[in-house]
Each structure stands twice: as C-alpha cells, then as structure tokens.
Amino acid sequence: MGRLDGKVALITGGARGMGKSHVRHFVAEGAQVVFGDVLDERGAFVAAGVGERSCRYLHHDVTSEDDWAAAAALAVDAFGRLDVLVNNAGVLQFAMIADMPLADFRRVLEVNAVGCWLGMKAVIDPMTKAGGGSIVNISSVEGFAGAEGLSAYSASKFAIRGLTKVAARELARFGIRVNSVHPGGVLTRMIIDSAGARAPDQGEAFLRAMPLARFAEPVEISRLVAYLASDESSYCTGSEFVADGGLLSGPGY
C-alpha cells in the first residue's frame with residue numbers, strides 16, 4: 001500500500017465494474033480520487049463508501065467538453081492538483097455489421113474513442129501545472145484482434161492504441177506519460193451482459209482460448225493501472241500493457 005501516496009487521480013466510469021474497482025484500489029494505495037459517471041445513484045453510493053476525505057463524485061458524460069472541464073476543475077479545487085487520469089469509461093454494443101444501426105456505431109466511438117481524446121486534452125493544463133502526470137487509457141484485447149459482433153467496440157479500442165501513442169509523443173515535453181491497458185475477459189456487468197447477447201458456444205470458446213482459463217477479477221486490472229499511475233513506471237510511455245490470461249499468446253482467438 002502507499003504506491004499512490006500524494007497523487008490526485010481522475011477516473012471515468014467509476015460507478016461500477018472496473019471503474020469502481022479502480023476508485024477503491026487507488027484510494028487504498030493512498031490517492032485522492034475524483035471520479036465521474038452517468039450513473040449518479042451508483043456513483044454516489046461508491047463515493048459514500050469511500051468517504052469524502054479521499055473521494056469526490058460528479059456527474060460526467062465523457063462526450064461533453066463542459067463535463068470534462070468541470071471534472072478537472074473539481075480535482076484541482078478539492079485536492080489542489082491533478083496527477084493521474086484513467087480513461088476507463090466505455091460502452092459495448094454487440095451487433096453484426098449488417099444489423100447495426102449507424103447511430104449505435106457512432107455512439108460507441110463517441111464514448112470510447114472521442115471521450116478518451118477529450119479527457120487527454122482536458123488534463124494537459126492541470127497536469128503541466130502539477131509538474132507532469134500519468135494518463136492510463138483503458139483499451140481491450142479487442143484493440144489487437146477483432147471479434148464477430150464487435151465492429152464498433154473493436155474500432156474504438158484500436159483507436160485508443162493510436163491515440164495513446166500520439167499523445168505519448170506530444171505530451172512527453174510536459175512530463176506527462178501516456179500508456180494503454182488491454183484487459184481480456186474481466187468479470188463485470190458489461191461482460192456478463194455482452195455474453196448474454198452471444199451464442200453460448202462463443203463464451204465457451206473464449207475461455208478455452210485462454211491459458212489461464214478464467215475471467216479476471218476487476219482488481220487484477222486495477223493493480224496494473226495503479227502501477228502505470230505511479231512513479232514506479234516512470235520510464236513507461238506510449239506502451240501497451242496486456243492483461244488477458246494469455247488469450248493473445250497464440251492461435252484460437
């Protein structure tokens with residue numbers, strides 16, 4: 001514990017799933033956290049459980065520039081600085097290309113890719129004033145390999161890889177590091193809901209393709225994110241960190 005002592009972090013999509021895990025783990029590691037979501041009742045519940053001394057919640061639509069400005073300002077106003085951004089918020093829409101409405105495709109890209117871009121833009125100034133910082137963009141194994149029914153999701157997660165590498169080059173001059181994390185199957189509501197939309201044999205094939213034949217617990221991803229947020233990863237930028245149980249290590253996915 002104490003890996004993030006003195007750090008102030010902004011985490012998106014923190015009301016449930018991996019985001020909730022990131023919020024709790026960051027606080028346990030010593031950080032003060034501002035987190036946002038559009039699920040206000042759940043977000044308020046998470047914040048109350050953590051406590052106001054270490055945590056603040058606000059309504060945050062990651063596709064809104066105004067909401068991003070408010071989130072960055074709250075971090076500085078409440079805790080005096082901003083050192084870390086975790087671009088975690090994301091949506092998953094399962095549909096074959098032939099059946100997917102254009103509006104659904106655009107929504108996934110807006111939340112997952114445009115939201116990530118807006119977040120990085122919003123924190124440049126406060127992180128520069130703090131002397132630098134770390135941005136962790138949550139992508140996916142679908143940012144490396146496509147899967148049937150995930151055209152929008154995979155496109156958005158491939159986009160995050162590119163955004164991360166460009167931002168790493170542009171922001172290094174300000175002392176800001178940028179890396180991406182690529183989880184495989186993590187046991188969250190989004191994965192459970194997605195699995196329900198697929199044929200049963202697809203879920204079984206997913207597990208069979210992993211050397212570690214199980215889903216990850218959210219905290220297993222949070223530990224990696226905390227490492228990248230911390231000074232222990234001070235020479236890491238523009239890099240991709242995969243936590244997938246070995247899924248991409250060979251054929252079968």
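Strand β6 (residues 176–183) is joined to β7 by 4 bridges, and the two strands run parallel; helices (H or I, at least four residues) and strands (E, at least two) are DSSP runs, numbered from the N terminus. Within this pairing, Pro183 has Ala243 of β7 as its bridge partner. The model is a predicted one, in which local features need pLDDT of at least 70 and side-chain atom pairs count only at pLDDT 80 or more, while totals for chains, interfaces and linings use all residues. Residues are numbered from 1 along each chain as its sequence is written, and side-chain values use heavy atoms, with hydrogens and water left out.

The pair belongs to an open sheet of 7 strands in the order β3-β2-β1-β4-β5-β6-β7, with parallel pairing, where two strands pair if DSSP finds at least two bridges between them. Because β3 (55–59) and β7 (240–243) stand at the edges with a single partner strand each, one side of each is left without a neighbour in the sheet. Neighbouring strands are turned by 20° against each other on average, direction ignored.

Helix α1 (residues 17–28) packs on this sheet, touching β1 (8–12), β2 (32–37), β3, β4 (84–87), β5 (133–138) and β6, and its direction makes about 170° with that of β1; contact means heavy atoms within 4.5 Å. Helix α2 (residues 40–50) lies across β2 and β3, running at about 170° to β3. Axes are lines fitted to C-alpha atoms, for helices over the stretch in contact, and angles run from 0 to 180 degrees between N-to-C directions.

| Helix pair | Angle | Axis separation |
|---|---|---|
| α4 (residues 102–129) and α5 (residues 151–171) | about 15° | 8 Å |
| α3 (residues 65–79) and α4 | about 40° | 9 Å |

The angle makes α4 roughly parallel to α5, whereas α3 and α4 are oblique to each other; angles under 35 degrees count as roughly parallel, over 145 as roughly antiparallel, 65 to 115 as roughly perpendicular and the rest as oblique. The contact of α4 with α5 includes Phe105, Trp117 and Ile124 in α4 and Tyr153, Lys157 and Leu171 in α5. The contact of α3 with α4 is made by Glu65, Trp68, Ala72 and Val76 of α3 and by Gly115, Leu118, Gly119, Ala122 and Pro126 of α4.

Overall, the secondary structure of the chain comes to 8 helices and 7 strands, and its C-alpha atoms fill a box of roughly 50 × 35 × 35 Å, taken along the principal axes.
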